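Good morning, and thank you for joining the group meeting. Please look at the sequence and the structure as they come up, and I shall then go through the side chains.

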Amino acid sequence: MRSIVISRLRSVLVVLALPWQWLKNRLARLGQAVRRGSQAAQELLGRMGITLRTTLSRIGLTFRRPIHWLLSLLRRRASQLWLIAHRSLAALWQRLGICQQRVRRALHWTLATLWRPVSWIGVRLYRPLRTLALLIWGATLWIAPYLWEEIGRLGVAARHLLWVATWPLVAPARLLWRRAIGPCLAHIRDWITLWFLIIGRAARSRWTVHQARRRVREKEKLALIRNQPRLALSARRKWVRLAVTMAALNLILLVLWVRTASHKRQPEETGIALLPPSPTQSPTASPTPSPSPSPTPLPTLIAVAPAPTPDYLSAGGSVAFVVRHGGNDDIYALSISRERPARLTNDPADDRDPAWSPDGRVLSFASRRAGNWDLYLLDVASLAVTRLTRNIAFDANPSWSPDGQWLVFESYREENMDIYIMPVTGGDPIRLTMHPAADYAPTWAPSGRHIAFVSWRTGNPDIHLLALDDARDEAAVNISRSSDIEEDHPSWHPGGDYLAFTGRSGSQQLVYVQPMLNSLPSDNPVNIGQGKEPTWAPSGHAVLYVHCAGARQFLLASSVNGWGAAPQVYLDEHPLHAPAWSAAALPPGLAIADVLVGDDPPLYLESIADPAAHAPHYTLVTLDEVQVAGPYLNDRVDDSFQALRAAVIEQAGWDFLAALDKIWEPMDAVPPPGLNAESWNKTGRAFDIARDLNSGYRPLVEVVRELDGATTWWRLYVRTRRQDGSQGEPLRTRPWSFQARYSGNIVDYESGGRVKAAIPVGYYVDFTQMAGDHDWERVPAAATWRTNFPATQFWHHEKRQGLDWDAAMWELYSAKDLQQAVEGFAP
């Protein structure tokens, strides 16, 4: 009877629920219609806004051209006036330097003339004075013990006499203290102690009463709580059963969701046929048969086919990359089926950061051919170049949107590096990030709605992800979150399933691949090779990256499945960087544009004077207008130094090498503590920059520490004179602070300093790179550089040209001079 009533009630409830279900469906359809209408309205408003913006942009371009022509004319006139003034000041400065050099020579001749008689008299009087001093010292040593004993006796006698003389004055004071002042102070002390005891006991008793009253109040509250009525046992059990049922349902739903997600992540076709398990028979007892002899069968040889080596280059296409030669960066392109690259740019200014358009017809890149870093577009078929940005600020590292209509890039404006986007057709850029930390190296996701970039927001360079639907700094997601690895150069998989990037830990540069799902990390990153600056193959089955092995640079392709075979794509003896792979092949007409990097003119030519018959092979050349003691260099390296000095003046805007700490030093010079006596400054093949330029509130030279295994190297950046973007580029890493060792922190002192807290603002030029372009080499720090500052050697540069120290010394000095120097050093 009860079941029949329940079934009828259930039927009535179902009938009553039908109108509610109908109303619910109608409301859902109405909501879908409203949502579709709002989307259509938004699309209409967006199209109207794009049309209005295009119209305003065309109107602005119409009025901007005459204004831009007038401004360019004024800029050219101003540059001509500045060039005239600069040349005049340079000539004046040269005259002043010549006058200063003549005055210095006159003073040197005068002092040398006056010093000769003084030195002659000193040499003649040195031995008699030395003998007299030795005699006086010997007599002093002989009489010192007796004299010291007599002085001690006199001191004891004087102390006794002083005590006897002062006793009549000290005795009454001591008696007064013992009889009057001392007992009075003791009574005062006892009185104060008694009052403190009384006050302490009173306070303790009051505190005891307060605690007792508090306990009584707590007991009364507990008694009231105990007297309250409790729930019935059946009601409590009902709530317990309900809670257990809800927990079980949640657990079942969680297990079903996990299984569904795991099935979704499995590939649709694995290529492996799973065999069903064979049925297991139950064991039956049977008698053991006696062994009988039988012939041993011969083993059967089975031929095993070798696994095929994966061909990562089967995707074809072409690779664009940057080669640095002769102090200049140019862009080259290499078809996968060819051996020689085609040179795409050949401008005296630097061209770098190439990025292919989605169709492979246009190449965007950064260049300073207009005096500052801007973005340009290169038509690969015609090699026609179009300037895209015209801001004096630093613009670089472009990346295309999937539809080929937009570019995302990094820009240094308002003393901060941020991410911007702009249409390919031109116009004002749109700022995406405004965080005070540096944001750079952006790359557009294949979905078109996310941008990955590198940021220093956490105090370490990590890869962040920004959604264009919510382009706020607070909404950027840190997808690497590694404090011990410095990430850089992110690159998206063509299907958006992976994100490749460079990770530096200590001295190791490795290429990692991060699995992604819905533009978010789905698993831990995988290391696929040793190198930097990865880029994906058009098919998405391989990653191309730069691998450095000494002075040789390789372009290698590796699998996304981890370490394995890495075929070589290209090899060069010059520095390579910024590779980009496109599915489009190069036009056949580019075959005539092949230009080898060795065809570029050299940066300098060493002119060597003919040595005389009695002179050594080479001589020391005096450097004009260089403020240093002994401004001499070997005749084989002086022209490269002057060329380096001119290049620094041109790019940094000031004569950085006009004042040095050291160039040449004589053979008998004593080295600093902890350094080798075979200094290359004695060979005339080294120079030391002014190390005090690295000190102060805003130093003119920043030093960055680089590790190669356990060896420490230093990279120098020189601050430019003009900080408007026309010279140099901003820093992307934090430099080293040597002044921190004197801050009082024991950790910084033992570490030889520490990394600075923030990246310095402003523009700098890479002096270490410029010195390497002119064949001047930096030297590593000695093992004791943390405790011995002269062993740091960040200021020292050498040009050995394959010579050892003895051979370099033989170029300047004769055998007689070297023999005298060796005898002078002998003990």
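**Side chains in the predicted model**

Trp191 lies in helix H1, residues 2-226; helices (H or I, at least four residues) and strands (E, at least two) are DSSP runs, numbered from the N terminus. What we are looking at is a predicted model, in which local features need pLDDT of at least 70 and side-chain atom pairs count only at pLDDT 80 or more, while totals for chains, interfaces and linings use all residues. Residues are numbered from 1 along each chain as its sequence is written, and side-chain values use heavy atoms, with hydrogens and water left out.

Let me stay with Trp191. Is Trp191 buried or exposed? Trp191 counts as exposed, because its relative accessibility is 53%; the cut-offs are under 20% relative accessible area for buried, over 50% for exposed, and partly exposed in between (1.4 Å probe, protein chains only). Trp191 also belongs to a nonpolar patch on the surface, whose members include Leu176, Trp177, Trp195 and Phe196. Together the residues of this patch have about 1300 Å² of accessible area. Patches are made of residues with over 30% relative accessible area and no salt bridge, with like charges joined within 9 Å and nonpolar side chains (Val, Leu, Ile, Met, Phe, Trp, Tyr) within 5 Å. The accessible areas come from the Shrake-Rupley method with a 1.4 Å probe, and for residues only the protein chains shown count as cover.

I turn now to the aromatic rings. How many aromatic pairs does the structure hold? The structure holds 21 of them. Rings of Phe, Tyr and Trp (its six-membered ring) pair if their centres lie within 6.5 Å; planes under 30 degrees apart count as stacked, over 60 as edge-to-face and the rest as tilted. Trp373 and Phe394 form an edge-to-face pair, at 6.0 Å centre to centre and with 70° between the planes. This pair links distant parts of the chain, 21 residues apart: Trp373 is in the loop between strand E5 (362-367) and strand E6 (374-379), and Phe394 is in strand E8 (residues 394-400). Trp373 is buried, at 2% relative accessibility, and Phe394 is buried too, with a relative accessible area of 0%.

A second pair is formed by Phe738 and Phe794, which count as stacked because their ring centres are 5.1 Å apart and their planes lie at 15°. Phe738 is in the loop between strand E32 (736-737) and helix H4 (746-750), and Phe794 is in the loop between strand E35 (777-778) and strand E36 (796-798), so the pair ties together parts that are 56 residues apart in sequence. Phe738 and Phe794 are both buried.

Two arginines are placed over rings. Arg705 lies over the face of Trp736, at 5.5 Å from the ring centre, and the charged end of Arg369 sits over the ring of Tyr376, 5.6 Å from its centre. The criterion is NZ of Lys or CZ of Arg within 6 Å of the ring centre and within 35 degrees of the ring normal.

Next come the salt bridges, of which the structure holds 31. A salt bridge is a side-chain nitrogen of Lys or Arg within 4 Å of a carboxyl oxygen of Asp or Glu. Arg343 and Asp330 form one at 2.6 Å, N to O. This pair links distant parts of the chain, with Arg343 in strand E3 (residues 342-343) and Asp330 in strand E2 (residues 328-335), 13 residues apart. Arg343 is buried, with a relative accessible area of 5%, and Asp330 is buried, with 2%. Asp329 and Arg324 meet in another salt bridge, at 3.2 Å, N to O. Asp329 is buried at 6%, and Arg324 is buried at 8%.

Finally, how many disulfides does the structure hold? The number is zero, where a disulfide is a pair of cysteine sulfur atoms within 2.5 Å. Cys184 counts as partly exposed, at 43% relative accessibility, and Cys548 likewise counts as partly exposed, at 38%.
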